[in-house]
Amino acid sequence: MPHYRHILWGFLFLLYLAAPSRASTPSFHHYGSQDGLINPNIFSIAQDSLGYLWLGTDKGMSRFDGSKFLNFNSDSLIRQRTVTNFLQYKGNFYAGAYKGQIAKVIYESSDRIRLEPLTRDLHFEISLVGKDSLLYSGGGNKHNLWSISLKTGQQKRLLTARSREKTLSLNRLYQRKNKDILLSSNKGLYKWDSNQLIPYYEQYLKDTKTIALHENEAGGLWVGSFGHLYYINPDGELHTYTENLPPDQYIHQILEDEQSNLWLSIVGLGLCKYYPESRRLEHTGKQLGIDNMTIHTFYKDHEKNIWIGTESNGIYCIYNSPFTHYTIKDELASNQITSLAYTKDNHLFIGTTYGLSVLDNYQIKQLAIPDQNDFYYIRKIHYFSDNKLYISAQNLEPLEEISHEYKTIPLVYSNLFYDFAIQANNKYVVMGIPLREKDLAVTRKSKRLKKFLQNGIHYLIYPDAPARSIHQLNDSLYLIGMDKGIRKQLLYPLTDPPETYLSNWPYHLPPLEKFVAESLGDQDVADILNSRINAIAPSTQQQRVWIATDKGLAYFENERWHTFSKNKQLPNNCNAVLEDTDGRVWIGTEEGLFCVVAERLYHWDVNKGMISNNINSLAYNEASAELAIGTVSGLSILNLKKTELINVEAPPPFFHLKNIQTPDSNYHVLPQSSISLPYTNAHIKVQFLALHYINPKEVSYQYQLFESGFTRQDTTSIWQDINSHELALSSLEPAAYTLKIRAKTPTSLWSNPKIIRFHIPRPFWQNPLFILLVAIASILLVALLAYLIIVRIRQRELEKRKTVAHISELKQQALSAMMNPHFIFNSLNSIQHYINKYEREAANDYLVKFARLIRSNMRLSEKTFITLAKELDHLRLYMELEKMRFGENLFTIVEVAPSIDLQKIQIPAMTLQPYVENAIWHGLVDKNKEGKVKIVIIPSNKTNFLEIQIEDNGIGIEKSKEMKFQESKHISQGMRITKERLQHLYLGENLEAGQVSIQELKDDNKQILGTRVTLLLPIF
């Protein structure tokens, strides 16, 4: 029974190998009406000199900038017309509509376009080429060929129905790079020269129906016919291709891509890709979902992307990518790739989560395990130099081994191990076993294990952590990558019989050794090596060992570990690493593919042609210079034959300024002169766009701004990044500015910068003439102010001198007032009275005090201010004389507040005596009444002021005015002089300083009690 089962499996396997397989899926993007395209039926595609892509449709035309479509269907030239052709000729761009007109496309701004008619309505199909200031238009009705003047629009028919041309039918009008105009026809290929048709390569193509024409970059010409492809190389040699081409279908369109492969539109099959080197045909339309759909046109843009115009399904962009992709659509077992391995005959074995596949001659085939019905998960694949493929497969029994072959390659399946290594002498295979404790009982009794041991196979048993990656350093030393870090292990040849090892199962090898701190280097390396180890790979020169982990990339060299991720800005999650024969290091991460070449880091992700950013495995084929990339979304093959894919940057993108907005204007075209901004609202906004059709979001922008005249060279300013398609500048100082903006794609050079010059004029108050006038006016004003100040100072000095003179005069008058004749006469009478009564002591005492008072008056008259203590001493002398004269009828009281410092406070000299004398006279008017004078000195309720009150019990103010005594008049004169003197002394001080107030005192019955004089003096 097992014998028949194996025969049945072999028969099914052969049937499987004979089943048809699919081709690879290119990186592409589809645009249709849902994206804003005016109509999905595309007849023509072209790129103008500004880099915009133009699409001719059934109902007008669309312009595409990589992000949005700008549609033109309202102009009378193209309304409801089929735009069949575009032509870029001598700096102008032309559009031709079927049975319509030919028009020149004129840009008024980046988004404002005008159509200028060149011809009136035509009655034939339009196919445009340009030569000698003429547009040549050809059609499909036998022999229509017209020339149209670019200056006058005059039409001239070039071909007429001559007898030899009656059976000639023109198919396609094509212009080569050398300006030759070719016409494909039902009778071969022709060249239009000197107003006549000349057979072209007649020795090859005579009477051959030719349709599609395409000239490649090398100058070779491809010609499409029924079931045939012809290639005429630059040397004129013809090569014919018929293999795998349908013999009864004609090739409608041809385009050669950057890998020298052909994109074909074959009537009845649709979109196909042809590989001339292997003569292989791929039905690419199936991969794009447009199986058997009519393809009207091909076009290769500035970035070498291929655009495909379909009959009713819009436009497809096949990216110029070095990647070829394979998914479940291409018969891959699963899109989740786990492991990859190339064999020496260039077969690529692909381990997935749903089985094993192989890429053989660009076709995917699935390989089933004999006698297994369920799916199986492939952990790892290893191909050794003995041409044997070891496959770690889940869902098999422990230690179960299944072997079969694929094209003489032995395939060994087992569930026992994760990874492998092999001795240099090919004798011992080392396997990492992820055994669980419950599997040990089965393992001890396993006959398969005994068989493996007899074959010299070593096992590493680590139930807690399987060996995910194993690398041999020498004959007995291995690096072992585990979930918990990197280890090293010594292995020795098996010397005992297998039963010895089985009886002591699990087979304990020398313990794992963790690298000591000295060999780890810095802490960053220690963190990396103690994380999960995903891959171990040697360099091609065997000088380094690369380690890919969950925390970055490291390498082992010269007995020391080194970090790599932090220095090269790699992401931490490195899943795969290898070094190819050219010394390039490839790293597969969860953020795309990285490559290090000559200390330069390159990066690919989904925006640059990758099928997925999450990479699980890598494999390199030196013979075909291909890198296989296993991702979670399928398989990618990177073609490394052309080193420019890595080392040479692409040309810069087309870069345009779309709008410049200022507070008062919008500029859709870059002005020739400098833009002026108002200083009151110095704001400028610039909108721009770089054309990048692969991924517009990947375009980078930078700007540079400097003041003209301050920065001598552009390189001195720093380029700053812009995060959008718009740059706004505001709050700029008045100056002349130069603004530069540039763009680049991830793989291109920087574009030439767009230069915008603008200036912000200075406000009128910053104008040099205004500043000069203001300076002159300021100088004059300062001079005038200085003059007025000087005049004022002089006036003040004059007034001061006058005041001093007047004060001196007042002092003399005050002295005269105090030494009035009546007082002197009374004092002398008192002295005589004391002498006549022989009261000599009293007379002497009176005379001494009188003399002292005179001296005090003379002394104080020389001073302006004296202390309050000296003023009171002087007043006391005067009151003692009056007391001796009036006796008990005069009573005086002096009260000073405790807070008053008599020695520090100064008042004008001889201020109090005139008021006290006036009070004494009031108090002694009534001789029968005791005269009382009270002097009170207290702080004022006003800050920094002194209040002095002089009260008497005399007749009051009104009664005093009625009495016409001469003495009274003299005393009043003294008070007036003192008051005027105080006003002059305190001139310029507080208005209340030196104020004198006189108040009549009355009781509740309005009876006069006396008079109070109050002086308010500032405290110094």
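Author: What follows is a short chat about this chain.

Reader: What kind of model is this?

Author: This is a predicted model, in which local features need pLDDT of at least 70, side-chain atom pairs count only at pLDDT 80 or more, and totals for chains, interfaces and linings use all residues. Residues are numbered from 1 along each chain as its sequence is written, and side-chain values use heavy atoms, with hydrogens and water left out.

Reader: How many helices and strands does the protein chain have?

Author: The protein chain comes to 17 helices and 70 strands. Helices (H or I, at least four residues) and strands (E, at least two) are DSSP runs, numbered from the N terminus.

Reader: And what share of the residues counts as buried?

Author: Of the 1020 residues, 52% count as buried. Buried means under 20% relative accessible area, exposed over 50%, and partly exposed in between (1.4 Å probe, protein chains only).

Reader: Which residues touch the most other members of the largest nonpolar core?

Author: Trp307, Ile741 and Phe758 do, in a core of 54 residues. Strand β58 (residues 683–691) gives the most to this core, with six residues. A nonpolar core here is a set of buried Ala, Val, Leu, Ile, Met, Phe, Trp, Tyr and Cys residues joined through side-chain atoms within 4.5 Å.

Reader: What is Trp307 in contact with?

Author: Leaving aside neighbours within four places in sequence, the contacts of Trp307 include Tyr31, Ile45, Phe64, Thr297, Asp301, Cys317 and Tyr693. Contact means heavy atoms within 4.5 Å.

Reader: Thr297 is on that list. Where does Thr297 stand?

Author: Thr297 stands opposite Gly309 in β27. Strands β26 and β27 (residues 306–310) pair in the antiparallel sense over five bridges; two strands pair if DSSP finds at least two bridges between them. The two form a hairpin with five residues between them, and Lys304 in the turn has a positive phi of about 70°.

Reader: Why is β26 largely enclosed?

Author: Six of the six residues of β26 (residues 295–300) are buried, so the strand is largely enclosed by the rest of the structure.

Reader: Switching to sheets. What is the order in the one with β29?

Author: That open sheet of four strands runs β29-β54-β53-β52, with antiparallel pairing. β29 (323–326) and β52 (615–621) stand at the edges with a single partner strand each, so one side of each is left without a neighbour in the sheet. Four bridges join β29 to β54 (residues 634–639), and the bridge partner of Thr324 in β54 is Ile637.

Reader: And the sheet with β30, what order does it have?

Author: Its order is β30-β31-β32-β33; this sheet is also open, and the pairing is antiparallel. Five bridges join β30 to β31 (residues 348–352), where Tyr342 stands opposite Leu348.

Reader: Last topic, α14. How far does the helix reach?

Author: Helix α14 (residues 868–886) has 19 residues and reaches 26 Å from its first C-alpha to its last, close to the 27 Å expected at 1.5 Å a residue. The expected span is 1.5 Å times one less than the number of residues.

Reader: Which of its residues are buried, and what follows the helix?

Author: The buried residues of α14 include Leu868, Glu871, Leu872, His874, Tyr878, Met879 and Phe886. Gly887 follows α14 and has a positive phi, near 70°.
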